[in-house]
Amino acid sequence: MLDVALLPGGYAVCRLPAGFRLCPTLWGELGDHDVVTVSWSVDGISLICPARRVPEQAVVETEWRCLRIVGPLDLAVTGTLAALVDPLARARVNVVAFSTYDTDHVLVPAVRLAEATTALERAGHRVHK
């Protein structure tokens with residue numbers, strides 16, 4: 001059983017062109033519970049951030065909600081991300097997953113949030129809304 005926190009507000013999954021310069025002011029007004037993750041590749045930059053902080057040049061996916069495993073987690077522990085993703089997959093809720101040093105996060109479409117939290121609770125997890 002995992003404790004899972006629903007972070008406030010919507011999130012965006014964005015694509016920016018390769019070589020785009022991310023401005024430090026993007027994270028200037030992040031709240032206490034906000035999370036941002038950036039991945040660079042030869043194909044471009046992937047950015048996950050609060051929906052209110054999306055750069056104008058970004059190609060944006062639908063609004064998402066972010067669920068975070070309450071941590072910190074020990075890096076040696078295995079299976080925590082799978083424990084979230086598996087019940088969501090069985091419920092046919094699409095996800096975007098990412099990890100930080102301390103814990104794992106799962107984004108679910110905002111329109112499927114109720115189904116996602118129900119699937120996680122049925123799997124024995126506690127979702128703190």
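Buried means under 20% relative accessible area, exposed means over 50%, and partly exposed covers the range in between (1.4 Å probe, protein chains only). The model is predicted: local features need pLDDT of at least 70, side-chain atom pairs count only at pLDDT 80 or more, and totals for chains, interfaces and linings use all residues. Residues are numbered from 1 along each chain as its sequence is written, and side-chain values use heavy atoms, with hydrogens and water left out.

**View 1. The salt bridge between D34 and R52.** D34 is buried, at a relative accessible area of 17%. R52 is exposed, at 53% relative accessibility. The two residues form a salt bridge, with 2.4 Å between the closest N and O atoms. A salt bridge is a side-chain nitrogen of Lys or Arg within 4 Å of a carboxyl oxygen of Asp or Glu. D34 lies in the loop between β2 (11-16) and β3 (37-41) and R52 in the loop between β4 (44-50) and β5 (59-60), so the pair ties together parts that are 18 residues apart in sequence. Strands (E, at least two residues) and helices (H or I, at least four) are DSSP runs, numbered from the N terminus.

View 2. Strand β1 spans residues 3-6. V4 and L6 make up the covered face of β1, while D3 and A5 make up the uncovered one. Two strands pair if DSSP finds at least two bridges between them. Strand β9 (residues 126-128) runs parallel to β1 and is joined to it by 3 bridges. Strand β6 (residues 64-69) runs antiparallel to β1, also with 3 bridges. V4 stands opposite I69 in β6.

View 3. The bridge partner of D3 in β9 is R126. R126 also forms a salt bridge with D3, the closest N and O atoms being 2.6 Å apart. Since R126 lies in strand β9 and D3 in strand β1, the pair ties together parts that are 123 residues apart in sequence. Both residues count as partly exposed, R126 at 41% relative accessibility and D3 at 25%. The structure holds 4 salt bridges.

**View 4. T117 in helix α2.** Helix α2 covers residues 113-122 and includes T117. T117 is buried, with a relative accessible area of 4%. The side chain of T117 reaches the backbone oxygen of A114 at 3.1 Å. Leaving aside neighbours within four places in sequence, T117 is in contact (heavy atoms within 4.5 Å) with V127 and K129. E115 forms a salt bridge with R112, with 2.8 Å between the closest N and O atoms. E115 is partly exposed, at 39% relative accessibility.

**View 5. The hairpin of β7 and β8.** Strand β7 (residues 96-99) and strand β8 (residues 104-109) run antiparallel and are joined by 4 bridges. A hairpin of 4 residues connects β7 to β8. F98 has H105 as its bridge partner in β8.

View 6. A disulfide is a covalent bond between the sulfur atoms of two cysteines. The cut-off used here is a pair of cysteine sulfur atoms within 2.5 Å, and the structure holds 0 disulfides. The cysteine sulfur closest to that of C14 is in C49, at 4.4 Å, which is too far for a bond. C14 is buried, at 4% relative accessibility. C66 is also buried, at 0%.

Methods
Polar contact = N/O pair within 3.5 Å; in protein donor to acceptor, adjacent residues only side chain to side chain.
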